[in-house]
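Please take a moment with the sequence and the structure shown below.

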There are 2 protein chains.
Amino acid sequence: MKSEIIAVGSEMLTPWRQDTNSLYLTEKLNEIGVTVTFKTIVGDRKKDLVNAIRVAIGRTDILAIMGGLGPTEDDLTREAVAEALSLILRRDASMVAALHTRAAGWRVPLPPNNLKQAEVLEGALVLPNVNGSAPGQWLDTRFGGYRKIVLLIPGPPSECRPLFDAECLPRLREAIPKRFIASRTLRAAMIPESQADLFLAPIYSNFKDVETTILAHGGDIQLSLVCSKPSAALAKERVDELAGRLEEALEDWLYSSDGESLEQIVLFYLGLRQFTVAVAESCTGGMIAQRITSVPGSSRSFLGGAVVYADSLKYAFAGVSPELIAQHGAVSAEVAKALAHGIRLRTGATLGVGVTGIAGPTGGTEDKPVGLVYIAISDAEKNEATERTFRGDRTRIREFSTQQALDLIRRRLM
Amino acid sequence: MKSEIIAVGSEMLTPWRQDTNSLYLTEKLNEIGVTVTFKTIVGDRKKDLVNAIRVAIGRTDILAIMGGLGPTEDDLTREAVAEALSLILRRDASMVAALHTRAAGWRVPLPPNNLKQAEVLEGALVLPNVNGSAPGQWLDTRFGGYRKIVLLIPGPPSECRPLFDAECLPRLREAIPKRFIASRTLRAAMIPESQADLFLAPIYSNFKDVETTILAHGGDIQLSLVCSKPSAALAKERVDELAGRLEEALEDWLYSSDGESLEQIVLFYLGLRQFTVAVAESCTGGMIAQRITSVPGSSRSFLGGAVVYADSLKYAFAGVSPELIAQHGAVSAEVAKALAHGIRLRTGATLGVGVTGIAGPTGGTEDKPVGLVYIAISDAEKNEATERTFRGDRTRIREFSTQQALDLIRRRLM
């Protein structure tokens, strides 16, 4: 079964906001066997919205329209759907009463505009919105001789997602033919995308009934495998078979077979071994610690660390002497190892990690170019540094260095 | 003049990748006076792509299609445009020669698939792609009696953006009527979005010729003002007038009049005062340091700090005694102040910042719920703590705490 998403709102079309609601809806729709074939973002001009709705309704089974349900004059979704599908908009008396009651509770007069939120398309079911004032609407209708399901969903993520989960998903499950979706997500670190595709493409191309998508960012590769079948067992069998072949090919680049992040995996292994870790970061400036601590429960294994940006702090927090820095340079294997060793002793962690490099855009030289990074891991027995040079801007270099450090920790633990 | 963007590629429709190329293109198009009315994301099924192109070409002046220009069998943009616009695809001999030459240079045979990258739409100009193998195409043609400009642009951001800048923008500037765009971006911190709109909407609604967009995330509000006029001076005058009124209304919530990030502004003020800063972070886990160090040149004012996740590190790095923690709890104004004071003395910074809180989802109690945060700033004269309680999940609480800390530093410096 096919669906389309229309996201309404001018801010979607200017260079700031990203449309995350539709990612959420897409994930949920996929889970119940519905593919999302088009995603359109439209400004709030009524004419454009009517156009987009007409085009979409002609070619899809399920149309989800997000946004434009508020009380302002820019909120035109109800009106646009009415016009596009030639339906009447009727003001619902009990909803009008509810709006008046709520306004009375705040001791403010109800602005006349707000009454538009009580307008319901003929034949539609009102979907209550517990997180906001604009209710959604569910329309199961016919258009051009076919059954069409149209969802009107509030725009703000905190309203959109709960309403979709509570009101739309159960009704969609009832409304559509039973298909079972199985999916797996494999993740690998620090393998160049082009190289990966060379040996992976021949494998996944042989599984035409499994949709494989490869996404790469910041040294992380994510393979998502999705298969839709009339039986759950069959879907799972196909996905697991392909996953197995891909895992074999990815060898130890692979760090997760079920979508966990690299930091989640690192924390898992640390927990298994009952190790603790502390990091002394220079050029990554806190990014490694920030990724690790984004995982709930990280305090079990992550003690913390130091952001040793200034050289004086390399001494104050990790005991790295100014003489060592003068001798080898702040960006060197020796200083990385001294940082790893020092932070380990200072914190009492099992593993100490030291990172020093040149994030750019300035600071590079002939010998030590922008993008050069040293990452060292120290435990009671050994202390090893790894050298890498990453290309790109400051953000990219910091992201790759962080990913590389986390992957080195993972490999040390395995 | 109107434009539409079609982004091609299945990964856009599944819950991982966000489409950032189109944000970049939208920004650039806006700058030359072209509005983006639709943005469509289509999977790589040829039928859907042909459909999308037909729909778009009927209603827009400029159509930019990104992606699907590679050598694999999933890359179908050239073929889809040819079919949708009834144009012939012709293999260009000199491009074929170039592809063979490059393959010879790598000592590999040229896979036959790659030859599709030499196929050019009749009437199109080939746009060289110096960052990849698939060239773009520029088609200035007529369809349905109207002039239409169609751009075929490679998908990967590292290829898309330079090619758009070098090859498309200059040609677009020549092709379209002269309009001048002026824009300003105002940014404010820690003001609730609904409250802001109450006093801002009456102001910007009076400037119907300036497009105002308000975006809010993580305690940050960004107002973008865009005005398009036949003269640059007139556009600038209107935008500056509205900006002035909004700045007045925003008072000291406003931190930037020209789009700078909060961390950029903090570093600017630190530099002006010749102050340095160090941070001791617990629940934010490195996020504050990471934001500050994302700015090139931050080392001028940012010494670093400590991620004092475990209580033992609060002592090791910031001298916060176990007794103080036992007496008031790790999450308390007293511990936040001790962290700020301790990190200041340890690093020799002018300002020390201490943050301690409960990021969740676990760890909250009746007295100290999830989302409770204390942020303290210490200098040689005083040490003050601020208490906040933020709602939301772990990520949201960490983001708001980080933004709040940065804003408190800003206010202390002003």
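Does D407(B) count as buried or exposed? In this predicted model, the relative accessibility of D407(B) is 2%, and the residue therefore counts as buried, given that the term applies to anything under 20%. Its partner is R410(B), and the side chains of the two meet in a salt bridge with 2.7 Å from N to O. R410(B), at 1% relative accessibility, counts as buried too. Both belong to helix 13 of chain B, residues 394-413, and because they are three residues apart in that helix, about one helical turn separates them.

Side chains of opposite charge can pair when their charged atoms come close, and further pairs can be found in both chains. The count comes to 44 salt bridges over all chains. One of them joins R147(A) to D140(A), whose closest N and O atoms are 2.7 Å apart; here R147(A) is partly exposed, with a relative accessible area of 34%, and D140(A) is partly exposed as well, at 36%. Another brings together the side chains of R238(B) and D209(B), at 2.8 Å from N to O. R238(B) lies in helix 7 (residues 232-250) of chain B, whereas D209(B) sits in the loop between helix 6 (193-204) and strand 10 (210-217), so this pair ties together parts of the chain that are 29 residues apart in sequence. D209(B) is partly exposed, with a relative accessible area of 28%.

R78(B), in helix 3 (residues 77-84) of chain B, presents another case, for this residue is buried yet has no salt bridge. The nearest side chain of opposite charge is that of E79(B), 4.5 Å away, while a salt bridge requires the atoms to be within 4 Å. Leaving aside residues up to four places away in sequence, R78(B) touches several others, among them L69(B), L89(B), K116(B), E119(B) and L152(B).

The largest nonpolar core has 66 residues, and the members that touch the most others are F302, V353 and V355 of chain A together with F302, V353 and V355 of chain B. Around V353(B), with residues up to four places away in sequence not counted, the contacts include V277(B), V279(B), I343(B), I375(B), I377(B) and I409(B).

C168(B), for example, is in no disulfide, and the nearest cysteine sulfur, that of C160(B), is 8.3 Å away. C168(B) is buried, with a relative accessible area of 0%, and C227(A) also counts as buried at 0%.

Stepping back to a whole chain, chain A has 13 helices and 17 strands, and its C-alpha trace spans about 80 × 60 × 40 Å along its principal axes. Of its 414 residues, 57% count as buried. Among contacts in chain A between residues at least 6 apart in sequence, 68% join residues at least 24 apart.

Key:
Residues numbered from 1 in each chain as written. Chains lettered and ligands numbered in written order. Predicted model: local features only at pLDDT ≥ 70, side-chain atom pairs only at ≥ 80, totals over all residues. Heavy atoms only, no water. Core = buried A, V, L, I, M, F, W, Y, C linked by side-chain atoms within 4.5 Å. Buried < 20%, exposed > 50% of the residue type's maximum accessible area, 1.4 Å probe, protein only. Contact = heavy atoms within 4.5 Å. Disulfide = S-S within 2.5 Å. Helix = DSSP H or I, 4+ residues; strand = E, 2+ residues; numbered from the N terminus. Lys, Arg positive; Asp, Glu negative; His and termini not counted.
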